[in-house]
Amino acid sequence: MRKPEEITKEEYASFYKSLTNDWEDHLAVKHFSVEGQLEFKAILFVPKRAPFDLFDTKKKLNNIKLYVRRVFIMDNCEELIPEYLSFVKGVVDSDDLPLNISREMLQQNKILKVIRKNLVKKCIEMFNEIAENKEDYAKFYEAFSKNLKLGIHEDSQNRAKLAELLRYHSTKSGDEMTSLKDYVTRMKEGQKEIYYITGESKKAVENSPFLERLKRKGYEVLFMVDTIDEYAVGQLKEYDGKKLVSATKEGLKLEETEEEKKKKEEKKAAFESLCKVMKDILGDKVEKVVVSDRIVDSPCCLVTGEYGWTANMERIMKAQALRDSSMSSYMSSKKTMEINPENAIMEELRKRAEADKHDKSVKDLVMLLYETALLTSGFSLEEPNTFAARIHRMLKLGLSIEDDASAEMDADMPPLEEDAPLEEESKMEEVD
């Protein structure tokens, strides 16, 4: 194999095309030789596009041809490179492996493990070189970001190095994507954790109620909207000594002044009875109802336990065609309803509940708040028709239309009292 400095860009391009049958040039190349206890030479290429069958389990798991002293041995040696780097194409020529090597011997061969370790190291170096050019890295990341995240999930040894290559949109990044390194440099004074939110799309998470307090305090939040992010972030617990904290789970602690703490305690005491009434109405649907310190404008939200699935993960698992449904019984996390004491709806609801906690309109409103919180928090509705019926009833009330059929409604969805005084109706319109 010739030395890298002797080879032109055109020669690399024609070699890549003959090796891979690709019609486009490669995005990056790494040509190196390793000497010492072990000697081998290698050329690695990164293609410009991801193949359509990138994660197809039936195809061969890697695209690196193995040669021993220039004699071709095999092109599907699974021990040569990990699965998440299966998109890297190239050639490895070793002087140390025996020529008459069999597949069984390859699996046990220590030389192969050393080659694999070096190839992974060189691949990560190559990705960092691509990252120096913003435009090239944008193409690379669009095509192969899932592979990098799969690497974070599977490759514990190189997790920290792969984390450097991740890019996310955030509350402060605009249309650009930001790295974790840049996020850390922008962190506010006194901020000890990296905040993130997972969801279905950027649009779905950027105006999420979970971000209200974080935005007000000026903290940046990363948007993790790729399905595989849920798996990757489960393994990547921290970066640069800073813990990654989900904005949608319990355990989000924001710094508060003494005045804020005092005010919060007062609100907690004032809304204690409403929390109890709401918990009684919702029953097993929620684990508890508490006063929130993460929402500012929204009336309420549903938070999941710190160690269970998030709402987004629950959605992903429900979509698995061959899932094991027994797992969801203990992994789907208990929901905690957090209410906003500053919100006018909650204040009005508190007054009504204190006046008469068995008021049918209180029950109806609590159920409606719970169902809207399910939607805004990323969950799916178990009974969309019931929710729609509540909304229609609210619309009729707002338009002052008499509902004749309301008396026939079932007990689970109680009608608003028809004989309620007029001022109570006007209050309901305000709440709506």
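**Rings, charges and a helix crossing**

Let me start with a charge and a ring: Lys188 lies over the face of Tyr219, at 5.4 Å from the ring centre. For us, a charge sits over a ring if NZ of Lys or CZ of Arg is within 6 Å of the ring centre and within 35 degrees of the ring normal. Arg350 and Phe271 give another case, with the charged end of Arg350 over the ring, 5.4 Å from its centre.

A word on the source, please. This is a predicted model, where local features need pLDDT of at least 70 and side-chain atom pairs count only at pLDDT 80 or more, while totals for chains, interfaces and linings use all residues. Residues are numbered from 1 along each chain as its sequence is written, and side-chain values use heavy atoms, with hydrogens and water left out.

Now the overall picture. The chain has 17 helices and 14 strands; these are DSSP runs, helices being H or I with at least four residues and strands E with at least two, numbered from the N terminus. Of the 432 residues in the chain, 46% are buried. Buried means under 20% relative accessible area, exposed over 50%, and partly exposed in between, with a 1.4 Å probe and protein chains only. Take contacts, meaning heavy atoms within 4.5 Å: among those between residues at least 6 apart in sequence, 70% join residues at least 24 apart.

Back to rings. How many aromatic pairs does a search of the whole structure find? The search finds twelve. Rings of Phe, Tyr and Trp (its six-membered ring) pair if their centres lie within 6.5 Å; planes under 30 degrees apart count as stacked, over 60 as edge-to-face and the rest as tilted. Phe32 and Phe40 form an edge-to-face pair, 6.1 Å centre to centre with 80 degrees between the planes. Phe32 is buried, at a relative accessible area of 7%, and Phe40 is buried too, at 2%.

On to helix packing. Helix α11 (residues 272-282) and helix α14 (residues 344-355) pack at an angle of about 80 degrees, their axes 9 Å apart. Axes here are lines fitted to C-alpha atoms, for helices over the stretch in contact, and angles run from 0 to 180 degrees between N-to-C directions. That makes α11 roughly perpendicular to α14, a label for 65 to 115 degrees; under 35 counts as roughly parallel, over 145 as roughly antiparallel and the rest as oblique. From α11 the contact uses Ser273, Leu274, Val277 and Met278, and from α14 it uses Met346, Leu349, Arg350, Ala353 and Glu354.

Finally, some loops. Gln37 is in the loop between β1 (28-34) and β2 (40-46) and is exposed at 88% relative accessibility. Arg70, in the loop between β3 (63-68) and β4 (71-74), has a positive phi near 70 degrees without being glycine. Asp240, which is not a glycine either, has a positive phi of about 55 degrees.
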